[in-house]
Amino acid sequence: MEATSSHHGLAILFIVLTSQIALTLAYPPFLNDRNIEYIKSSCSATTYPKLCYRSLSVYASSINTSPKVLVHTALNVTLRASKETSRLMVKISRFHGLEPRVAAAMADCIEVIGDSVDELQQSLGELGHISRSNISLTMSDVQTWVSAALTDEDTCMDGFAGNNMNGYAKTMARKRIIKVAHLTSNALALINNYASTQGYYLP
């Protein structure tokens, strides 16, 4: 049993490291003081400002100081993380020897994370059609979709709660889900801030 757990742990670690290396190579860091300060200031209004800054600062040159592009980028980052987490969980669920409770929680979580991905995609689609004539309704729809995605992620995390669920699979899956939920929470905070801005900024 220990050998199986070790094998699972190494396999999961390899999957995660490969994903992280790919992201680092695809989005190398850079410095742009004015844009960086804008992101830092915007992220200060979120629940997880350090994660917000880390996830968005690499896009400072494209975000510039545009609230709409900031929100769009935050949603894209969250959607990509959600898709990666979903793929990781599918791979983990295929490992032999998973505890029944972990396997059941994994299956449920894959389903609700799939719903979350759909809702984030829907919110990005809505944001892409925003204009001065429909901005109030569009932002309300985006807030609804992202809130629903966050609820799904919380449901997924609840499935892995409890001290009687241990092991590499549960630990790694829950860690990634928590990060996605935090990214979603930050995106929602930025969306709410954008929606509440008097006059609404448009590019």
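**Exercise 1. Determine how much space lies in the largest cavity, and which residues and helices line this cavity.**

Solution. Step 1: The largest cavity holds about 40 Å³ of space. A cavity is, on a 1 Å grid over the protein atoms alone, a set of points where a 1.4 Å probe fits but cannot get out. Grid points are joined across faces, edges and corners, and the volume is the space filled by probe spheres set on the points. The search of the whole structure finds 1 cavity of 30 Å³ or more.

The model is predicted: local features need pLDDT of at least 70 and side-chain atom pairs count only at pLDDT 80 or more, while totals for chains, interfaces and linings use all residues. Residues are numbered from 1 along each chain as its sequence is written, and side-chain values use heavy atoms, with hydrogens and water left out.

Step 1: Lining residues have an atom within 4 Å of a point. For the largest cavity they are Cys52, Ser55, Leu56, Ala74, Val77, Thr78, Leu183, Asn186, Ala187 and Leu190.

Step 2: At least two lining residues come from each of helix H3 (49–56), helix H5 (67–93) and helix H8 (168–196). Helices (H or I, at least four residues) and strands (E, at least two) are DSSP runs, numbered from the N terminus. H8 gives the largest share of the lining, 4 residues.

Step 3: Sorted by class, the lining has 7 nonpolar, 3 polar and no charged residues. Here Ala, Val, Leu, Ile, Met, Phe, Trp, Tyr, Cys and Pro count as nonpolar, Asp, Glu, Lys and Arg as charged, and the others, Gly among them, as polar.

**Exercise 2. State how many disulfides are counted, and describe each pair.**

Solution. Step 1: A disulfide is a covalent bond between the sulfur atoms of two cysteines. The rule applied here asks for a pair of cysteine sulfur atoms within 2.5 Å, and the count comes to 2 disulfides.

Step 1: Cysteine 43 and cysteine 52 are both buried, where buried means under 20% relative accessible area, exposed over 50%, and partly exposed in between (1.4 Å probe, protein chains only).

Step 2: Cysteine 109 and cysteine 156 form a disulfide with sulfur atoms 1.2 Å apart. This pair links distant parts of the chain, with cysteine 109 in helix H6 (residues 100–128) and cysteine 156 in helix H7 (residues 135–159), 47 residues apart. Cysteine 109 has a relative accessible area of 1% and is therefore buried; cysteine 156, at 2%, is buried as well.

Step 3: With bonded cysteines counted along the chain, the disulfides follow the pattern 1-2, 3-4.

**Exercise 3. Identify the residues of the salt bridge and state whether glutamate 37 is buried, partly exposed or exposed.**

Solution. Step 1: Side chains of opposite charge can pair when their charged atoms come close. A salt bridge is a side-chain nitrogen of Lys or Arg within 4 Å of a carboxyl oxygen of Asp or Glu, and by this rule there is 1 salt bridge.

Step 1: Glutamate 37 pairs with lysine 40, and the closest N and O atoms are 3.8 Å apart. Both residues lie in helix H2 (residues 33–43), 3 residues apart, about one turn of the helix.

Step 2: Glutamate 37 counts as partly exposed because its relative accessibility is 46%. Lysine 40, with a relative accessible area of 41%, is also partly exposed.

Definitions and conventions. 1 Å grid on protein atoms, 1.4 Å probe; cavity = no way out; pocket = protein on both sides within 12 Å on 5 of 7 lines; lining within 4 Å.
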